[in-house]
Amino acid sequence: MATITFTLNGKRKTLSVDPQMPLLWALRDTMGLKGTKYGCGIAQCGACTVHVNGVATRSCQLPMSAVASQQITTIEGLSVTGDHPVQKAWLEHDVAQCGYCQSGQIMSAASLLKTTPNPTAADIDGAMSGNICRCGTYTRIKAAIHSAAKK
Amino acid sequence: MKTTKTNLNRRSFLKASVLSGGGMLLSVSWFTTAQGADKLPAEALPLPWVELNGYIQITPDNVIKLMCPNPEFGQNVMTSLPMILAEELDADWKNVVVDMAAHDGVKYGFQFTGGSQSVRAYWKPLRQAGASARHMLREAAAQAWGVPVEEVTTKAGTLSHASGKSATYGEMASKAATITVPKTAKLKTPADFSVVRHSKKNVEGKKVVTGKPLFGIDYEQPGMLLAMVQHPPAFGMKLKSFDASQALKMPGINAIFSFKVFEDGSERGMFETRTFNELVAIVGNSTWEVMNARKKLKVNWEPAPDFKEVLNMRGNKREEFTPGGLESTAAQFAKMDERAKQPATVLRKDGDPETAFKNAAQVLERTYTAPFLAHNTMEPMNCFAHVTADKALFVGPLQAPGLAEETLANRFGLPKDKVEIQMTRMGGGFGRRAYPHYMVEAGVISRQVKAPVKLVYTREDDMTYGIYRPMYTATYRAALDADKNLIGFHVKGGGIPEHPVHAHRFPAGAVANYLAEGWEIPSNITIGAFRAPRSNFNAAAEQSFLDELAELMGKDPFDLRLDLLKQAKANPVGKFNDYDADRYAGVLTLLREKSGWDKPENKAKNRGVAAYFCHNSYAGHVVEMTLRNGQPYVQKTYSAIDCGVVVNPDAARNMVEGAVVDGIGNALYGGLVQKEGVPEQTNFDRYRMIRHNEAPQHIEVHFVQNDIDPTGLGEPPFPPVFGAVANALYKTTGKRSYNQPFGREIDKRI
Ligand code: FES
Ligand code: FES
C-alpha cells in the first residue's frame, strides 16, 4: 500500500492503494467512477482512455505509482454539465450505438483537438485508431470530430 | 387504478415502483427524458404516476413515462420502441420519459433482443398499447365534458373538443385509468405518422457521452463481492484439481472454489451451453485483487471425454453428442475437406439437377471457407447476482430475459416469480448475450458465498470462453448450357458443428434444377448466434459465386440477379421460397441507381456488389475499394435496405453504417484459430478488429419507402457486406478470394 496524491477532475485526491494497481481499477472500484471503461487491459482498445496532464492515456496500463502529482481528467470531469464541444458534437451526430467505447473515443478526440484544433482525416486516423468500436461508429465519430473542431 | 407517490429519494422510489406493479427501474439509471437530459426538472417531482397500461404512465402535469420492453444493445430500441407507443398515444415526444422495463413475462412477453425481432415483434403490441391508452383518455374527456367520444380529438398530448374544451393527458389520466381497457383500438394509418419515421435522438445519448454507469459491468450494490472464473485453457479439457492455498493468502480474497455451471445430467434448454461446465471461482473485494490472486491459483486440467446429453428445446427433445479431444484449425479444415466429399443430407431438390449437370456445356464450381469468429463485444460478459434460498436477483447485460428466467428458475430450484431479472444497457451483444451461462455462474457463486456478487470476465476470458460463429464451408456449382443459360444450381455446405445452408433462399426458386445439401461435424467448441451466423457466411460465398457466374455468363452482376429474380417471380420453382422476389429486386434497383453503378466514370472503379435476404429484410451494398500500402481498403459504400417502415431513420442509418464497418472488419480480418483446443487469439493484440483508419470515409444508406410493417434491421445489412467486399477485392487485386478472412490471403500478417 502506498499513499498517492493527485488531482482528479480538478480536485485534490489522496488514496491509499496498491501502487501497482492500474488507474483504471482505482477509478472504477476505489473511487466509483464508472465512466472509464475496461475493454482489454493491455492498451489495445482505448475504452479506458483518460487525460493525464491533458494527454490521452490508457488508464489500464498506468500504475497508480505513476499517477502521483499528475492531473487526471476522466469523462466525468471533461465538462461540468456534459457540454464539452466534443460531447455536444457526439449528440448532434447521435454517434453512439451500444455506447460502451464512447467515453474512450470522446477522451481521445478531446485530447486530439487540444493539440490539433483543425485535424485532417489523417490526423483523426492517427489519434483515434487506438480506440476500437465493435459497433462500427467510426464514420460518425470522424464527422463529429470535424463538427467539434468548428465549435 | 394504481396511483403511486414517489419522491426524490431513490430507495423509496424503487420501492414505490415495484409496488405499483409498474416498471422497475434499474437501480443505476434515472429517468431518461426523450431529449436526453439527465433527469426530470426538479419541479416535476415528486411524481404521482398513473398507470394506463403496462407500458404507459402519466403524471397530472403531463409527463408521460413509456416503458421499453426489450434490452438495449446499441440497436436503439430504447428510443424506437417508445416512439411506436408515443405515435399511437399521440404523445408529445418532448414530454416523454423512457424507462427500461425489468423482465416481466406476463406484461411484456419474452423481451428478446435478437434475431432482428425487437421492432418486428413489438410493432403491433406497442401500437395497440398506445392506441388503447389514447382511447381511454378520450373516453375520460368525453365523460367529463358530456360529449360523444368520437368528437374528442387528440394532438401532442392534448385532448380537445370543438366546443373549445381542452385538457392535457395528465389532467385526464386519473379518470382515464378507471375506464375499461378496450379490446382493440383503431390504429393510425402510416400517412398520419408524426413520431414514427421522424428521426429522434438516442434517449440515452447524454448519459453515454457523460459516462453514466449504464452498463452491467458498472452495476454495484452495497456489500457486493467481485468474482472471476477460471476456465480450462483448451476446448476439450476439464478440471482435474486445483490448489488455492497461495491465492487465498492474497489480499482481499474471500473464497476460491470449484462449481458446476449446470448440474450433471440436467437437460440442456434453449440457449444453454456446456462450454466448460466446471469452473473455479475466485471471489474477492475488488477487480484488481481478484486478478492478482488468480495468478497464484494452481489448476490442473485433464482431457474431457466424449459426452451425450439431452437437448430440450422448449419441449422438443433430442440427444446430442459432443466429442472429446483437442481440435486444431488446420486439422479441422482438412476434416471438412474430407467430409465434403461424402454424401450429405438433401435439404431441397427441384427438377433433375444430376441430369442438368451431366448435360451441361460448362460447370462452374467453387469452394468457400470461413473460420470461427469471436463476438468481442466491447463490454466483456458480466452479471450481478444475489441468490438466496427463496429468491434471486440478477442484473446485467443480457439479450433473452424470457428464456434466461426459465434457465435460472430451473438451476436454482425457484419458482419463476422469485427470479427477478433486470436488464442493463449492453456494451454490444451480436447474439453473444443470449446465452445465460454467465448469469448462472454469477448465481451459483452468490449462493455459495451468501452475498451479492458481480461476475466479470476479463477480455481473455471473454475471447477464449466463447460461443463462436461456426466454421463453415460450402461448394457451389452452376451448370450452363451451350448458350450460357443457367440450367442447374447446387450448393453443398457443411460446418463445425452446424451447416450453413438456407435451402429455400435465393437462387432457389429461380433455377429449374436445384439441389441443396448439408452436413455437420460435431465439436466441443461451442458456437451460436452471431449477427446472422449462417447468413453472413452464405452471403459471402453465394454472392461471390454469383459474381463469378455473371462474369462467366458475360452479364452485369446486377442484371444476373435481377434476371433470376424475374424468373422466380414469373415462374417460381418449388413452393417454399423464403423471399419476396419484388422486394429483393427493389433493393437491387435502388442500389443500382443510388450507387451510380452504370455511370461510365464508376465502371473503372473497383466496385463490388452483393444483396441478400435474411431475418425477413432485404439489404444490398456496393463497396468501392483501393489498395493502400498493399492492403485492401474500402473507401466508400452505398447501401439499400428494405425493412418495411423505418421507425427511427437516423438511428436505422447508424445501425446500417455499423453493419457495413463491422462487415468489412470481419470479412477482411476476423478469425479465431485453435491449436490443440487453445485459441491463439486471446485479446485485441492478436485478434484484429477494424479500426478508425480502416473504416470507409463515406457510407451512404438508402431505404426503400413502403408501408410494410417493420421486418427487422439488426442482422440483414451485415451479411451482404461480406459478399460485396469479396467482389470488390476481385476487382482490386484481379484474384478471387474464397477463404475468410480475405485479408489474410493477401497479406499473411493480417
Ligand atoms: S482497457 Fe485500456 S486500452 Fe483497452
Ligand atoms: S458504440 Fe458500441 S463499441 Fe462503440
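Glu320(B) is partly exposed, because its relative accessibility of 24% lies between the 20% and 50% cut-offs. The model is predicted. Over all chains, 52 salt bridges are counted, against a count of 0 disulfides. Chain A and chain B share an interface that buries about 4600 Å².

**Arg268(B) and Glu320(B)**

- The side chains of Arg268(B) and Glu320(B) form a salt bridge, with an N to O distance of 3.1 Å.
- This pair links distant parts of the chain, its two residues being 52 residues apart.
- Arg268(B) sits in strand β13 (residues 268-269) of chain B, and Glu320(B) sits in strand β17 (residues 316-322) of chain B.
- Arg268(B) counts as buried because its relative accessibility, 14%, is under 20%.
- The Glu320(B) end, at 24%, is partly exposed.

**Glu406(B) and Arg314(B)**

- Glu406(B) and Arg314(B) make a salt bridge whose closest N and O atoms are 3.5 Å apart.

- Glu338(B) and Lys341(B) meet through their side chains in a salt bridge of 3.1 Å, N to O.
- Both residues lie in helix α9 (residues 329-341) of chain B.
- They are 3 residues apart, about one turn of the helix.
- Glu338(B) is partly exposed at 43%.
- Lys341(B) counts as exposed because its 61% relative accessibility is over 50%.
- Elsewhere, salt bridges with shared partners join Arg268(B), Glu272(B), Arg274(B), Glu309(B), Arg318(B) and Glu320(B) into one network.
- In general, side chains of opposite charge can pair when their charged atoms come close.

**Interface of chain A and chain B**

- In this interface, 52 residues of chain A contact 58 residues of chain B.
- Of the roughly stated buried area, about 4600 Å², 54% is on carbon and sulfur atoms.
- Between chain A and chain B, 6 salt bridges are counted.
- One cross-chain salt bridge joins Arg140(A) to Asp650(B), with the closest N and O atoms 3.1 Å apart.
- On the side of chain A that touches chain B, the elements giving two or more residues are α1 (23-30), α2 (85-92), α3 (102-115), α4 (121-128) and α5 (138-150) of chain A.
- The largest share, 5 residues, comes from α5(A).
- By class, this side of chain A has 21 nonpolar, 19 polar and 12 charged residues.

**Cysteines**

- The disulfide count over all chains is 0.
- Cys643(B) is in no disulfide, and the nearest cysteine sulfur, that of Cys614(B), is 12 Å away.
- A disulfide needs sulfur atoms within 2.5 Å, so the 12 Å distance rules this pair out.
- Cys643(B) is buried, at 4% relative accessibility.
- Cys48(A) is likewise buried, because its 4% relative accessibility is under 20%.

Technical notes
Residues numbered from 1 in each chain as written. Chains lettered and ligands numbered in written order. Predicted model: local features only at pLDDT ≥ 70, side-chain atom pairs only at ≥ 80, totals over all residues. Heavy atoms only, no water. Buried < 20%, exposed > 50% of the residue type's maximum accessible area, 1.4 Å probe, protein only. Contact = heavy atoms within 4.5 Å. Buried area = accessible area lost by both parts, 1.4 Å probe. Salt bridge = Lys/Arg side-chain N within 4 Å of Asp/Glu carboxyl O. Helix = DSSP H or I, 4+ residues; strand = E, 2+ residues; numbered from the N terminus. Nonpolar A, V, L, I, M, F, W, Y, C, P; charged D, E, K, R; others polar.
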